[in-house]
Structures are given as structure tokens and as C-alpha cells.
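Thanks for coming, everyone. Please look at the screen.

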Amino acid sequence: MTTATPPKGSHALPLPVVLAGARGHGRWHLANIRRLADKGIVRLAGVCELTPLTAEELDGLGTPEQSADFGALLDSTGAAIAVICTPIPTHTDLALTAAERGVHLLLEKPPAPSYAEFRRMADGVAAAGVACQIGFQSLGSHAVPAIRELIAEGALGEITGVGGAGAWARDEAYYRRAPWAGKRRMNGVDVIDGALTNPLAHAVATGLALAGAARAEDVTGIETELLRANDIESDDTSCVRVTTAGGGRVTVAATLCAEHPGEPYVLVHGTRGRITFWYKQDRVLVQRAGHGPEEIEYGRTDLLENLVGHLVDGTDLLVTPDETGAFMRVVEAIRQAPDPAPLPAETWHLVPEENRRVVAGIDGLVTSAADTLALYSELGAPWALPTASANEESR
């Protein structure tokens, strides 16, 4: 699938936007739309929520039309763009509802809970000829092309692999924030809300992008280790290793049960150095033979602003569906893997004042996995399961 060409005719600024899902993470999108509205780039034409937003929630955004009927709202507002930040299982149907009306899309990650649903969405969007941006904000960082250029120049020598590390903390209330939170399936429908597929999905997608393996066909094998300390269905402590078509390896380790939560990062390993990218901060540390360490902070292009630029003047989209195909192969491998195993009670403890579970020694394991490209079981974690492989024969 190629990037959709903006339809002929002028796109007068500000472009009308409908936001589906304006609470929870949707509040970030609401604030971003307010920022871009202040710049005259977009205007909030409609909000799709089961319970309408209050005047306080809409402060500075006027009086957009509100409805729980997404399709009717798109029709009545004449929206040019829909921002979809709704529960994961609803993404495909809502995206296609917009696409069939010629409405362009910013679709929150993960784009779908299975590879089949992803393909249904991506193929439908392509057939409709609308532009679709997937909400991996880290891929809007100017650090990504800068790191790619350093790799291409041979600054690190031969690339030996890419690691990713995410040691975060989430309290038990996090898993009660929505009916689908922490679920693998709900009412017979895939959800796949795990550490690697949702909160730390950026580590996976960014690692694959820096490895030059962002598309589905770039993946030849996937190994997963999925575990949980919390009383949930999905994984909260997990790792994945992707083998790429070029023979490379991308290993990402994640936990939501960190002892000392820190900034997640991606680590590019080479024979003559390495690059650490703290993707939420757009911060890069370059360490290479013959040079002193160099730390650089980069800017970032907002993905909604990039989508507007694509529609107005043909700017290339930063994160098309095809550029998330490899990530969706990982989601599919996690979906097909056995349900995450509960960690033995003696391996974790509750921090009462924070009401969250902590896995002993997990911070070091996450760091080591990114450093060595090894899985938890290979690092000697006594609770890790034998490696479960999901290869591309399952496509």
C-alpha cells in the first residue's frame, strides 16, 4: 500500500477534526487539538463520547457537536480528519467508518488487536484512498532519521542488533481504568492489552524502525516470553525477540512492575559503538570508537500536524499503516502465544503506599536484555518460561 494522495482541491485551514475517545489517553489528543487550534491549523468540529464532555473539559475549544454516533457525527460536521482514541477492539470498525466517508485518519496505537483486523483496516483505508497515520508519536522524533543516517554512514560499524528496555510502574487501579484494561480477550473479541502491545508499544515499534524492519515482510521469526505479577489476563512483565529478514535481531524487554521506574529507551548495537535513544525525551547518546560520548536532544514533529501537512501540501506521512506491519506481527505473535503465566508469589511483593506490585530484580533483567539481546530465560531468570516461538509460518 502506498501513501494516499490528498484529493484534488484546496484544504482550507483550519481543518475540521472529530475526536473519538476524548477521555483517558484521549485527553492528550484533546490538549493537542487545542494547541493546533490556537495555531489555526485545525478546529474541533465534533467529539464522539458515550457521555458528552463538559464545558470545562472543552475550555478553549468552542462548542463542538457531540454524539455517541461516530458515523453520523462525521456526516454532520463535514470532518476532514478523525482522531480515533477508543478501546483497541473498536479501532478497525471506526477507521473504516471514517474511510468510507472520505475522512482521513489519525489512529491511536496499537492500530488493531490482531494481524487480520490490522489488514482489514489497512486494506479498507487504502481502497478508500484516504490518508492514515498511526499514532506512534516516537516515530515523529527527529532523532529517528538522525540515528538512521549515523547507521547508514557506518558510524557504529556493523550493526549487531537493537535492544529495547521499558521499566515502568502501574498501580492496581491502572487495570481498573476501563473494562478492557489488562485483558487479552473480552466477550469473545481480542483485546491484547499487554505491556509490549500497549503502554510500551513504542519501544517495540521504535526498535523495529531503527533496525530497518518496520514492515510486515521484514520479520521472519518472533520469540515471546509473557508473564504477569498482577491479577490480570495480559502480560505485565514480558520480552520479545524479533528476527529480521536481513538476519538482524531486535529484543525488547518490558515490565509494568519496576522496582525503580525509569525512562524507556532503544539501544542500537554496533561493532564500533552504540546509540541510546530515550524516545519519550527525544534524547540520544552516541558512544563510538575514536570519539567522546555525544548527547543530543532533538525536536519532534507532531503526527496530527504532519497529517494536516500531508493533506494541505503533500508532506510525506511519517507513520503509515505499512510502516507498522512488523509491530503488528509482534502483536499477532503475542495474541497466538499461550496466556501469560502468573509469576510465583515469592517473586513479587506489593508496595502498599503505591498499591502496586514489584517484581524483584526485574529492572536489572530489563537492562540486561536490551544490552545482550537475550530473553529473560536466557538471562537466568528462574521464573521465565522456555522460549515460545511464533514464526511467520503462522501468517
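First, a term: buried means under 20% relative accessible area, exposed means over 50%, and partly exposed lies in between, with a 1.4 Å probe and protein chains only. This is a predicted model, where local features need pLDDT of at least 70, side-chain atom pairs count only at pLDDT 80 or more, and totals for chains, interfaces and linings use all residues. Residues are numbered from 1 along each chain as its sequence is written, and side-chain values use heavy atoms, leaving out hydrogens and water.

Now the cysteines. Cys-85 is buried, at 11% relative accessible area. How many disulfides does the whole structure have? The search finds 0. A disulfide here is a pair of cysteine sulfur atoms within 2.5 Å. Cys-132 is in no disulfide either, with the nearest cysteine sulfur, that of Cys-85, 14 Å away. Cys-132 is buried too, at 3% relative accessibility.

On to the helices. Helices are DSSP runs of H or I, at least four residues, numbered from the N terminus. Take α2, residues 70–77, and α3, residues 91–99. They pack at about 25°, with axes 10 Å apart. Axes are lines fitted to C-alpha atoms over the stretch in contact, and angles run from 0 to 180 degrees between N-to-C directions. Angles under 35 degrees count as roughly parallel, so α2 and α3 are roughly parallel. Who makes the contact, meaning heavy atoms within 4.5 Å? From α2, Phe-70, Gly-71 and Leu-74; from α3, Leu-94, Thr-97 and Ala-98.

Notes:
Helix = DSSP H or I, 4+ residues; strand = E, 2+ residues; numbered from the N terminus. Parallel < 35°, antiparallel > 145°, perpendicular 65-115°, else oblique. Contact = heavy atoms within 4.5 Å.
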